[in-house]
Every structure is written in structure tokens, then in C-alpha cells.
Amino acid sequence: MAKRIVSPDNDAADSIKTTDISAITVNSATLEKIIGVSDRRIRQLAEENTIVRAAKGRYKLMDSIINYILTLKVQMEAGNVDLDGEIDLEEEKAIHERVKRHISELKLQVMKGDLHKSKDVERVMTDMLISVKTKLLSMPTKLAPLLVARNDVDYIRAAINKEVFEALNELKDYNPKDFHSDEFIGEEEEEDEGTD
């Protein structure tokens, strides 16, 4: 329970003292001065439950200051310190525009065929590797009857090399256009669009 001491020589409002500061409530203007933020920010902090409302227009001083300090500590540790809590609209717009530009540049690279989507690369590479795997696994079945009767090492070596090179050609003879997504615009298409 708070003890109040009133000094007889001063005005009663100026001389009230208390030993229990958790019971002190203040208005928005006082809290603005203590924390150093605007009235609008006080309302925002109250909506976020950082500032503790006691009644309409009144705030619990100690709880509000403790919560505000803890909030600042968390923001500092997270690296996103904004002491007044206000958002710089121009900075946010600039960040947003940079992100939009970066996305547009990436889309343009995809459209030109300079950048490929991972799903397209995965599809093409999977098809190529399955084809190579199939050729390699069929080699024993294909070569065994041809080589069983031969005792000529040079013939056996040449036959195996021929089959291995055919399998490897599957990897060499890819078509770069296979990697293009549906968004790709080739030079021919760009010229056609320019003539319309």
C-alpha cells in the first residue's frame, strides 16, 4: 500500500510522495516527455501492449517504462533499432522499388534464357541422365553376345569404347533451348513482335 506524505508548505499536488511507484499513473503527455516519442507513437505502443493502459488517457508509469525498455533491448539485439518507432515511408518505398527492380531483372534474364528456373534444369538433366543410365545399363546385354566369341582384345576394346562414347554423346548433344521456360523470348520472337 502506498504511503502519501503531504508537505504543508507546498501545493498538495506538487508535494505528494509515494513509496510504491507501481501504482503511479500518468497521462499521455507526461509519458511522451519521459520516453521521448510522439502522442501517436504512445497510442501505437498502447495498441501493441508495450505501454500499459490504466484507464482512458492514463498509463501505468512503471510497467510502461519497463515494457518500453525491454522492447528496445529486443529491437537492438535483433538489429532493427528504430528508437522513435516511426517508419520512414520514403526509405520503405525505396527498398520496395529496389526489390521490384531486382525481380524484374531476374524475370528478364529468364525471358532471355540467361537464367534458368531450377525446375526446368531439373527436368532437362533428369531426362538426360535417365537416357545415359539406360544406355549404360543396356551395354552388357548388347555387347555380351558380340564379344563372347571374340578373342581379339582390340576388337573388344573398340566395341566397348563405341558404346561408351554413344552414351556420353547423350550428355554432349543437349539442346540449350530445352532449358528455356515458357517465359523465354528468343531473338526471332522479339523481331516478330517489333514488326507488328
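**Labels and their cut-offs**

Tutor: Asp120 and Arg123 join their side chains in a salt bridge, 3.7 Å from N to O. This is a predicted model, where local features need pLDDT of at least 70, side-chain atom pairs count only at pLDDT 80 or more, and totals for chains, interfaces and linings use all residues. Residues are numbered from 1 along each chain as its sequence is written, and side-chain values use heavy atoms, without hydrogens and water.

Student: Why is the contact of Asp120 and Arg123 called a salt bridge?

Tutor: The term asks for a side-chain nitrogen of Lys or Arg within 4 Å of a carboxyl oxygen of Asp or Glu. Asp120 and Arg123 meet at 3.7 Å, N to O, so the label holds.

Student: Why is Asp120 called buried?

Tutor: Buried means under 20% relative accessible area, exposed over 50%, and partly exposed in between (1.4 Å probe, protein chains only). Asp120 has 8%, so Asp120 is buried. Arg123, at 38%, is partly exposed.

Student: What makes Glu163 and Lys142 a salt bridge?

Tutor: Their side chains meet at 3.1 Å, N to O. This pair links distant parts of the chain: Glu163 is in helix H6 (residues 153-172) and Lys142 in helix H5, 21 residues apart. Helices are DSSP runs (H or I, at least four residues), numbered from the N terminus.

Student: Is Glu163 buried or exposed?

Tutor: Glu163 is buried, at 10% relative accessibility. Lys142 is partly exposed, at 44%.

Notes: Helix = DSSP H or I, 4+ residues; strand = E, 2+ residues; numbered from the N terminus.
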